[in-house]
Amino acid sequence: MHEPATPHRHIDRAEQLDSAARLTARDEDRGGERQALFFEGPQDIGKSSLLLEIYDRHAGNGVYFVDLSRTAVEHDVLEQLSMQARGQDVGVPGYRTTRDRQAEQSRSTEVAFTNVRLRNSAIQLLAQGEDRLLRLAALSDALLESLVADERRPVICLDSFEACARPMRDWLGRSLLPNLLSRREVSVFLAGRSVPSLPHPPYSTAVQTLVLPPFDVEAVQDWIENLGFASLRDKAVVIQRSHGGVPGLLAEFFACHMEPGEPAPGHPDGRPATATGDDGDDREG
């Protein structure tokens, strides 16, 4: 889980943040049938920063953040959500307790060659080899029912989709995301260099994918003004072009910039300052 250590200041992305605000609105202006926004773009374009801004704006109001690059298996995602829910005083059953109880029930029950289970108003025939997915789905169902029972509308932020291994990507696209979107109370935000394509309506029509563009000159100028860099106020065009408007590259440039008369930036121990290194770090943009 990411919990911002310092207030996170976001530069630009007003259009995307307006879309996010409409999606999470608590009234009829929520935005039609949309329940999810997927943010797509290359490294350093600011996907993680956008998700963190959404997270910050919903802090204390039923918001969850999972960095998928740090989750090895499906259970890790559910455990992260469960831990964060308990941290927000949401009455969810203990994840490990629920998992162990289901494992015990599975061992004590004779499993036929096929299992028939009513889920999401559709009957699915599951072979014995898919029993692990059945138990995983039951865990997911139990957790999500607890989340939506809370009076706050859950806001789920999933970062770094491209970092997932194929089994995890398949599970997210075919199971967890449809499960989330089957609950109208939930809003979902997902970011990645690539994003999942949900299989069919109504889930596919509940998602809008937004490709994040580079920052334009106006956004770079705003950034310069916010930083208070007087010597750069007339150089926004050159800076934007030389860095392609890529927020991560701009952040590195500004981190290394010194105003006339300022001491060189550095750490308290005298080491030179270094820019943050990846899209998932706390960088501007």
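In the predicted model described here, helices α1 and α2 pack at an angle of about 45°, their axes lying 11 Å apart, where axes are lines fitted to C-alpha atoms, for helices over the stretch in contact, and angles run from 0 to 180 degrees between N-to-C directions. The two helices α1 and α2 are therefore oblique to each other, given that angles under 35 degrees count as roughly parallel, over 145 as roughly antiparallel, 65 to 115 as roughly perpendicular and the rest as oblique. On the α1 side Gln-16, Leu-17 and Ala-20 meet Leu-50, Glu-53, Ile-54 and Arg-57 of α2, contact being defined by heavy atoms within 4.5 Å. By class, this contact of α1 with α2 comprises 4 nonpolar, 1 polar and 2 charged residues (Ala, Val, Leu, Ile, Met, Phe, Trp, Tyr, Cys and Pro count as nonpolar, Asp, Glu, Lys and Arg as charged, and the others, Gly among them, as polar).

Residues are numbered from 1 along each chain as its sequence is written, and side-chain values use heavy atoms, with hydrogens and water left out. Because the model is predicted, local features need pLDDT of at least 70 and side-chain atom pairs count only at pLDDT 80 or more, whereas totals for chains, interfaces and linings use all residues.

The protein chain contains 9 helices and 7 strands, assigned as DSSP runs (H or I, at least four residues, for helices; E, at least two, for strands) and numbered from the N terminus. Of its 285 residues, 46% count as buried (under 20% relative accessible area, with exposed over 50% and partly exposed in between, for a 1.4 Å probe and protein chains only). Among contacts between residues at least 6 apart in sequence, 72% join residues at least 24 apart.

Helix α2 (residues 47-57) is largely enclosed by the rest of the structure, because 9 of its 11 residues are buried. These buried residues are Lys-47, Ser-48, Ser-49, Leu-50, Leu-51, Leu-52, Glu-53, Ile-54 and Tyr-55. The elements that cover them include α1 (14-23), β1 (36-40), β2 (63-67), β5 (155-159) and β6 (187-192). Within strand β6 is found Ser-187, which is buried, with a relative accessible area of 2%. A polar atom of the Ser-187 side chain lies 3.5 Å from the backbone oxygen of Leu-23.

A further helix pair is formed by α7 (residues 217-227) and α9 (residues 247-256), which pack at an angle of about 30° with their axes 12 Å apart. That angle makes α7 roughly parallel to α9, and α7 passes α9 in a right-handed crossing. The contact is made by Val-220, Trp-223, Ile-224 and Leu-227 of α7 together with Pro-247, Leu-250, Ala-251 and Phe-254 of α9. By class, the contact of α7 with α9 has 8 nonpolar residues, no polar and no charged ones.

Backbone geometry is noted at two loop positions. Asp-89, although not a glycine, has a positive phi of about 60°; Asp-89 is placed in the loop between α3 (74-87) and α4 (95-108) and, at 71% relative accessibility, counts as exposed. Ser-160, likewise not a glycine, has a positive phi of about 65°; Ser-160 lies in the loop between β5 and α6 (166-181) and, at 11% relative accessibility, counts as buried.

Notes:
Left-handed = near helix turned anticlockwise from the far one by under 90°. Polar contact = N/O pair within 3.5 Å; in protein donor to acceptor, adjacent residues only side chain to side chain.
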